[in-house]
Amino acid sequence: MSNFTFNQISIWLLIFGILGCRQPTETVLISSPSATEQPDVVIAQPVYLTDQLDQEWFLVNFDDQGSKKKVIANTQTTIQFSTERLSGSAGCNRYFAGYQLENRYDLTIERIGTTKMACPNPVGIMQQEHTYLQLLSQAKAYYIRDGQLTLYNEDKVAILIFQQQENEE
């Protein structure tokens with residue numbers, strides 16, 4: 001009888017060990033906001049971060065003191081998430097930072113570092129870069145839908161909106 005119990009315990013330990021080694025998934029939690037209201041947090045479908053975030057995203061709009069602005073023409077501001085880091089172009093300079101995903105949709109971006117180049121052209125690129133990096137440091141949540149990544153601040157205001165790069169075929 002003790003040999004039978006030992007075998008049962010060994011099998012259960014093996015099963016729990018295998019289940020514990022599965023890759024965790026993240027869930028995006030947010031509802032679709034109407035035109036006049038900010039989004040409320042609700043449960044949505046799971047998103048695999050490695051499949052969704054591990055690519056280059058291109059900034060298309062950002063919040064500038066309460067109004068949405070488009071990125072300056074012929075410039076690229078990007079973000080790319082990888083394991084425990086994010087990086088990209090802020091328009092002129094390259095940047096990098098640590099990040100953490102918590103509670104399935106919360107995002108914390110920390111220790112943003114940049115290169116130190118100055119770009120006089122196009123006009124306004126350095127101000128746009130400064131605004132972008134400030135907004136990036138304020139990001140507290142994210143949502144991905146229809147090829148668009150949106151970062152939200154703590155007040156649930158969409159502050160940075162990115163698009164996936166279109167595949168050229």
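Visitor: Is Tyr-95 buried or exposed, and at what relative accessible area?

Guide: The model is predicted, so local features need pLDDT of at least 70, side-chain atom pairs count only at pLDDT 80 or more, and totals for chains, interfaces and linings use all residues. Residues are numbered from 1 along each chain as its sequence is written, and side-chain values use heavy atoms, with hydrogens and water left out. Buried means under 20% relative accessible area, exposed over 50%, and partly exposed in between, with a 1.4 Å probe and protein chains only. Tyr-95 is therefore buried, at a relative accessible area of 1%.

Visitor: How many aromatic pairs are there?

Guide: Rings of Phe, Tyr and Trp (its six-membered ring) pair if their centres lie within 6.5 Å; planes under 30 degrees apart count as stacked, over 60 as edge-to-face and the rest as tilted. By this rule the count is 3 aromatic pairs.

Visitor: What is the geometry of the pair formed by Phe-81 and Tyr-99?

Guide: Helices (H or I, at least four residues) and strands (E, at least two) are DSSP runs, numbered from the N terminus. Phe-81 lies in strand S5 (residues 78-82) and Tyr-99 in strand S7 (residues 94-102), so the pair ties together parts that are 18 residues apart in sequence. Phe-81 is buried at 3% relative accessible area, and Tyr-99 is buried at 14%. The rings are 5.0 Å apart centre to centre, with 85 degrees between the planes, which makes the pair edge-to-face.

Visitor: Which residues form a cluster through ring pairs?

Guide: Tyr-95 and Tyr-132 form an edge-to-face pair, 5.6 Å centre to centre with 65 degrees between the planes. This pair links distant parts of the chain, with Tyr-95 in strand S7 and Tyr-132 in helix H3 (residues 125-138), 37 residues apart. Tyr-132 counts as buried at 1% relative accessibility. Ring pairs link into a cluster the residues Tyr-95, Tyr-132 and Phe-162.

Visitor: Leaving aside neighbours within four places in sequence, with which residues is Ser-137 in contact?

Guide: Ser-137 is found in helix H3 and is partly exposed, with a relative accessible area of 37%. Its C-alpha atom is separated by 5.9 Å from that of Ile-109, 28 residues apart along the chain. Contact means heavy atoms within 4.5 Å. Leaving aside neighbours within four places in sequence, the contacts of Ser-137 are Ile-109 and Ile-112.

Visitor: Which residues does the disulfide join?

Guide: A disulfide is a pair of cysteine sulfur atoms within 2.5 Å, and a search of the whole structure finds 1. The link is right-handed, with 70 degrees about the S-S bond of Cys-92 and Cys-119, and both of these residues are buried. At an S to S distance of 1.8 Å, the residues joined are Cys-92 and Cys-119.

Visitor: In S10, what is the bridge partner of Tyr-142?

Guide: Two strands pair if DSSP finds at least two bridges between them. Strand S9 (residues 141-145) and S10 pair in the antiparallel sense over 5 bridges. Strand S10 (residues 148-152) is mostly covered, as 4 of its 5 residues are buried. In S10, the bridge partner of Tyr-142 is Leu-151.
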